[in-house]
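User: I'd like to learn how to read the features of a structure like a tutorial, one at a time. Could you walk me through it?

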Amino acid sequence: MNTKTLSTHPDDIHIAADLLRSGEIVAFPTETVYGLGAVVWDESAVQKIFKAKERPADNPLIVHCADLGQIHSVVREFPPLMYHVAQNFMPGALTMLFERHDNIPNIVRAGLPTVAVRIPAHPVAQALIRAVGAPLVAPSANRSGKPSPTKAEHIFDDLDGRISAVIDGGQCSIGIESTVIFMLETPYRILRPGSISKAELEAYTGQKFIEYLSNNDAEHGAMPSPGMKYRHYAPMASVRVYTTLQELHHVFHRYKEERILLLSVNTLPSEIVIPQNIMVENLTEYSLYEQLRRADDNGIWLIAVYFPPEERENNAGLWNRISKAAESI
Ligand code: TXA
Ligand code: MG
């Protein structure tokens with residue numbers, strides 16, 4: 001199959017919508033990362049997504065709607081507190097779990113009684129869902145286990161020849177996936193941290209949320225979404241986390257020949273002398289996935305991440321993705 005590149009021009013969005021309506025799968029930009037879309041009711045199209053991504057069948061998909069009204073067509077009920085949250089954070093980088101409507105195919109929710117729903121804010125995603133006239137399932141448009149795509153070229157690297165088209169909308173403005181929350185029972189939970197933070201959710205609702213950050217938290221009762229059990233967001237290079245400047249000095253002394261990318265969540269003190277084999281860049285949500293992909297292209301042997309523990313709470317999404325990338329399972 002020849003994977004077409006489409007622009008964000010309305011004529012091209014209509015071409016993409018026709019492809020989706022005829023059972024094809026098409027990648028499109030959202031403000032978080034690119035999604036790989038199929039019409040939610042079209043089981044054979046949804047099957048194509050799992051095949052193209054080589055995604056495990058036990059990892060459910062997010063249903064993307066254009067507005068709150070469309071959410072009603074895919075859920076059994078919209079509890080008042082969740083409606084209140086949706087009014088504030090949707091459209092945006094938030095995904096909520098609902099009791100599923102009977103019409104949601106099993107393959108979409110991996111057999112679970114719930115369905116995950118999000119309203120993307122990106123104008124192209126909005127226009128596409130409206131042009132199709134139906135909600136779209138859309139996992140991130142990467143090969144399973146690779147970092148999510150934040151640019152159209154990342155999708156070609158992973159899925160060229162496996163999908164019908166890519167709508168090229170440039171770089172995604174957020175850069176990591178949406179925050180996934182569960183509010184069907186207390187305690188309310190953040191199953192996947194993202195740019196919408198626990199502090200924002202708690203301030204807005206006046207309720208407590210338990211957050212899953214890493215496997216460590218799972219041991220303490222926080223619950224990850226099914227996708228969190230896979231080694232995600234992983235480049236080929238090994239990713240190791242360092243929490244003190246002393247540890248970084250150790251790395252500088254120990255590895256003198258290897259090519260190392262140092263990603264730092266904080267500005268490093270100016271007195272630190274960086275050896276020549278080490279390239280330093282800032283660690284941000286916006287740039288992380290591009291950096292992980294480029295590290296592989298540039299033959300980086302080690303990605304050293306400087307992330308002091310006191311930065312974790314304020315950078316929960318970033319910390320979660322780094323700890324997943326660093327896991328060796
Ligand atoms: O920002 C995003 O959320 C992007 C863009 C394209 O919208 N999408 C995305 O989809 O990241 P995906 O499939 O790569 O990740 C979906 C996550 C997975 O961790 C999955 O396990 C979880 O959401 N999820 C989906 N349905 C669920 C459900 N019913 N219960 C628990 N977790 C669910
Ligand atoms: Mg994904």
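Analyst: Gladly! Let's begin in helix H1 (residues 10-21), where Asp 18 and Arg 21 sit 3 residues apart, about one turn of the helix. Helices (H or I, at least four residues) and strands (E, at least two) are DSSP runs, numbered from the N terminus. Before we go on, please note that this is a predicted model, in which local features need pLDDT of at least 70 and side-chain atom pairs count only at pLDDT 80 or more, while totals for chains, interfaces and linings use all residues. Residues are numbered from 1 along each chain as its sequence is written, chains are lettered from A and ligands numbered from 1 in the order in which they are written, and side-chain values use heavy atoms, leaving out hydrogens and water.

User: What do Asp 18 and Arg 21 form with each other?

Analyst: The general idea is that side chains of opposite charge can pair when their charged atoms come close. Here Asp 18 and Arg 21 make a salt bridge, with 2.5 Å between the closest N and O atoms. The term means a side-chain nitrogen of Lys or Arg within 4 Å of a carboxyl oxygen of Asp or Glu. By this rule the model has 15 salt bridges.

User: Which distant parts of the chain does the salt bridge of Glu 54 link?

Analyst: Glu 54 pairs with Arg 162, the closest N and O atoms being 3.0 Å apart. This pair links places 108 residues apart: Glu 54 is in the loop between H2 and E4, and Arg 162 is in the loop between helix H7 (152-159) and E8. Both partners are partly exposed, Glu 54 at 47% and Arg 162 at 29%.

User: How far apart in sequence are the parts tied together by Glu 290 and Lys 151?

Analyst: Their side chains meet in a salt bridge (3.5 Å, N to O). Glu 290 belongs to helix H11 and Lys 151 to the loop between strand E7 (136-137) and H7, so the pair ties together parts that are 139 residues apart in sequence. Glu 290 is buried, at 13%, whereas Lys 151 is partly exposed, at 23%.

User: Which charged residues form a negative surface patch?

Analyst: The patch consists of Glu 153, Asp 157, Asp 160, Asp 168 and Asp 297. Patches are made of residues with over 30% relative accessible area and no salt bridge, like charges being joined within 9 Å and nonpolar side chains (Val, Leu, Ile, Met, Phe, Trp, Tyr) within 5 Å. Lys and Arg count as positive and Asp and Glu as negative, without His and the chain ends; a charge is placed at NZ of Lys, CZ of Arg, CG of Asp or CD of Glu. One member, Asp 297, lies in helix H11 (residues 288-297) and is exposed, with a relative accessible area of 62%.

User: What should I look for in the backbone?

Analyst: Most residues other than glycine have a negative phi, and most peptide bonds are trans. In this model, Glu 54 has a positive phi of about 55° although it is not a glycine. Ala 110 also has a positive phi, near 50°; this residue is in the loop between helix H5 (106-109) and strand E6 (114-118) and is partly exposed, at 27%. As for peptide bonds, the one from Met 90 to Pro 91 is cis, with omega near 0°, and Pro 91 lies in the loop between helix H4 (80-89) and strand E5 (94-99). The bond from Thr 186 to Pro 187 is cis as well, with omega near -5°. Pro 187 is in the loop between strand E9 (179-182) and strand E10 (188-192).

User: How many disulfides does the rule count?

Analyst: The count is 0 disulfides, a disulfide being a pair of cysteine sulfur atoms within 2.5 Å. For Cys 65, the nearest cysteine sulfur is that of Cys 172, 19 Å away. Cys 65 is buried, at 0% relative accessibility, and Cys 172 is buried at 2%.

Methods:
Areas by Shrake-Rupley, 256 points an atom, 1.4 Å probe, with all protein chains shown as cover. Buried < 20%, exposed > 50% of the residue type's maximum accessible area, 1.4 Å probe, protein only.
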